[in-house]
Amino acid sequence: MHRPTICLTAALLALATGLSPASPVDTPIDIQHHTRPAVYAGQQVIQVTPTTRHQLDQALALAEGIWSERVGIGPIELQVTRDSLDDYRALGLNPIVLIDDLQQQADLDWQRIVRADQLAQAQPLNNNRGTSPHDENWFTNFKQYSEINTYINDLAAARPSIASVSSIGNSIEGRAINAITITAPDAPGNLAADRPAIVFNGCQHAREWVSPMTVTYIASRLVDGFGDGAEVDQLLSSVRFVIVPVVNPDGYVYSWSTERFWRKNRRDIVGSSDFGVDLNRNWGYEWGGEGASAFPFDETYHGTAPFSEPETSAMVALADQLGEHLVAHIDYHSYSQLILWPFGYATGVTTPEPDRTIFDNLSTDMSDLMVASGGVFYDPIQSVDLYPAAGDSSDWYYGDRGATSFTIELRPNSSFPGFDLPPAEILPTAHENWPAAILFAQRTTQPLSIGGDQPGVVASDTPVPVSVTITDGIATLDTATPTLNVRIGTSDAIEVFPMTNAGGGVFTADLPATICGAIIHFSFSATTTEGQVINFPALGTFDAITESAIEMFADNMETNTGWIVGAPGDSATTGVWERANPEGTAAQPEDDASASGTLCWITQAAAGSSVGSFDIDGGATTLTSPSLDATGFTGDAVLSYMRWYSNNAGASPNEDEMQVLISNNDGASWATLETVTENAGQWVEKRFTISDTLTPTNQMHVRFVASDLINGSIVEAGVDDLKLLDIGCPDTGSAADINGDGILDIFDVFAYLDLFNNGNLLADFTGDGSLDIFDVFAFLDAFNAG
C-alpha cells in the first residue's frame, strides 16, 4: 500500500489554528428536568431526486438541513419547512415525506431517553459489573460528553497497565478531545511504542449519537478482553489502538442541550449569522472539491482552509505523533448501514490496485460478520459510488498517510428513525460492529487472521468437531498447513491433527474422544507462504472439560405434552402462543428447530399479508411447560431448549423483550432464567444448570412470556426441543468395565486391548495424555480391584 511523505506537522497546525480557550466545565444535563427548545416546529424530512446539478443546487438552497451523508445527483434526504413543499414541487422534484413532524420526532426521541434514564435510576444498571471493566448495561442509553469521558477514564483506571487516556487537543470552545490508547505492556523486543497503530474515531457529526457509543463499546471490550486469551490478547500484544469517541465535543453537547439534529462544530462564522464547519469536509486531501460547500450556511461547509478547525487539527496532530506506525483507521458515522472505502473525493475517481481489491474483500467480509452477529446488512461500497465528498477523513488517512481507512455508517438504514435511533438499538449496533472491528484490526496488522469461538465443555467418549476461520492478513496463508494441536490432561505429549479445508476460509478437525472428566488443551497453527507460523491463541491454549450428557426428558413439540397457553395479566390480541408449523416471514421462522419434525410453539403461525399481520400485539402472551422432574440426577440437572426471538422490525424496534421464568414449586413462585432481547435471526439453543437459579425438584415448570408493550414493535417468538439433561461424569461402577455391561470379565480385557492397540486415548488410565505400559498396569489394577 502506498505511503506518501507526511507533509503537515503538528507544530505547524498548532501555529495555524492558534490557542483554544480554557476547557469549560461540563455538567451533564439533568435529563429528567431538561426541556429542549422547540427549534423544529413546522419542519419535516423529505426525499427528493434531483436529476441535474441545477435542480440539486435549488433543492439544497431551500433546505434547512441535509440528512444524507453524501449529496449529489440522485435521491437525497433533506430537512425542510412544511411551507417549502410547494417550492419543491414547482422544481419538478415531487418530495416524498419521510418524517411528517420533525419536532414531534425530536420530542419522542427525548421521551425515550427520559424513560431509559428513569429505568436506570429505579434499577441501578451496574450492580452486576463486579470487577469487570466493561459494563454492558452502561450502553442501554445514550450518554453525554462528560459521561463518556468518565467511562473511558474508569477503563484506564481499572487496567492502567494497558490503557491510558490523554487529550489530543481542544475544540473551538475549549473542550478536551480525549483519546484512550489500549495496548499490552512492553515486552522484550516488543515495545508498545513500536507497534502498528489503529485509530478509531466517532462523532465528527454531532447528531450521530450511536457513533460515540459504538466506539466506546469497542474500547471497553478491548480493555475487558485482555488476559482472556485468544483474539484480544493476540491483537493487544502487537497493536496499539487509539480510540477517540467524540471528535466534535462542542457540537455533541449542543445537540443534547438545544438542537438534536445539529451536524457541524460550533465555530461562529465571522461576518455571518451562521455557525459551524462540517468537520468531515475539512480534511486536507482534495479539500474543497465535490460534495463540499464554500457557503457557511450549508451543512457541508468545508471551512476556510484544510484543517481550519481545531478538532480536525487535533486528529491530524495525533496522526503525526503516530507517524509511520499508523496503519489503519475507521471513522464511525450514522446512518445508512454502509461500509465505505476510499476514494470518494470526485466523480469517477478509482482506487488503485491492489488496494481496491483488498478494500472490497475486507469490507465484504466485515459485512458478512455483521449479518452473522446482528442479522443486519451493511452495504460495502467505494465511497464515490454513493456520492462524491471531498475533504473527508478516510480519503485523507488513505491518500495522505497510506493507511487502510474505512467510514462505517451505523444503524439504521433509513431516515426513520434516522439519527433518532432508539436507545434499545445501541447494543445491537455495538454487538455487530465489535467482531467487524476485530477482523479489520487483524487483517490490517497481522500476518494472518485466525479466529472462531471454541467450546469450554465437550462431550466425552466421542470425537468433537471444532473449526477456525483463517484468512490472509498482511501475508498469505499456505492452505496446506493449518493444524489442530491437542494435549490431554497433564501430559506433555502434543498430538497434531491436520485440518480439513471446508472452503470460505473455514478449517475443521476433531478433538479426539476422551474419557469423562478429562481436560483437553488445544490450539491451532497455520503458516504463511513465507514460512511464518501463527498460533491461535497466541499464548497458551483453549481448555475444554469433557462431560457426559444423558437425556432424561425430551419434548420435540410434535405432540402436546401438557403445555398451557395463557396466564393472569395476558392481554395480547394477536400473536398468541400456539403449537403449529410456522409460516416464514421477515420476523418468524419458516421451520421448527427439530431435525425431524414440523411443529413448535410459535406466537401465531400464520404469515398474513405483511410482517406485522399476526405478530404479538396488545400486551403479553404466556406459555407454560408441563411439570418436569429434575430429581435423582447423578450429575447436574440442566435445562435445554431452542428459542426464536425477533424484535428488530417496525417503527419502535428493540423496545420489547421475552422473559423466561422457572419455578420449582408448581408455579407458586417464579425466578428469572433469562431476559431475551437478541435478534439472532435463527433458532438458538440455550442451556441452564437449574441449581444456579433454584433447587431442582420434581415440580419444575418453565414459562415463556413474550410481549408487545411498545406501539409499533414487531415481536415474534418460538420455543422447541425442550430437554432435561443429566450432565457430569456419573459413577458407572468400575472404570475397568470397558464395555459398560456392569460385569468385569475377559471381554472387558479384550475391549481395553482393542482401545490400546488402536491408540484410542480412552485407554489412557494414567491420564497423562499418552499410551504406554503404565496404562495397562493401571487398567489391571482397576480390574483386579473390582
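How many bridges join strand β26 to strand β31? In this predicted model, local features need pLDDT of at least 70 and side-chain atom pairs count only at pLDDT 80 or more, while totals for chains, interfaces and linings use all residues. Residues are numbered from 1 along each chain as its sequence is written, and side-chain values use heavy atoms, with hydrogens and water left out.

Strand β26 (residues 620-624) and strand β31 (residues 701-707) run antiparallel and are joined by five bridges. Here, strands (E, at least two residues) and helices (H or I, at least four) are DSSP runs numbered from the N terminus, and two strands count as paired if DSSP finds at least two bridges between them. Within this pair, leucine 623 stands opposite phenylalanine 704 of β31. Both strands belong to an open sheet of five strands, ordered β23-β26-β31-β28-β29, with antiparallel pairing. Its edges are β23 (564-565) and β29 (671-676), each of which pairs on one side only.

A further set of pairings involves strand β27 (residues 636-650). Twelve bridges link β27 to strand β32 (residues 713-728) in the antiparallel sense, and serine 646 has glutamate 716 in β32 as its bridge partner. Strand β30 (residues 684-689) also runs antiparallel to β27, through six bridges; there, tyrosine 641 is partnered with lysine 686. Eleven of the 15 residues of β27 are buried (under 20% relative accessible area; exposed is over 50%, partly exposed in between, with a 1.4 Å probe and protein chains only).

Turning to a helix, α13 (residues 426-445) has 20 residues and reaches 28 Å from its first C-alpha to its last, close to the expected 28 Å, which is 1.5 Å times one less than its number of residues. Because 18 of its 20 residues are buried, α13 is largely enclosed by the rest of the structure.
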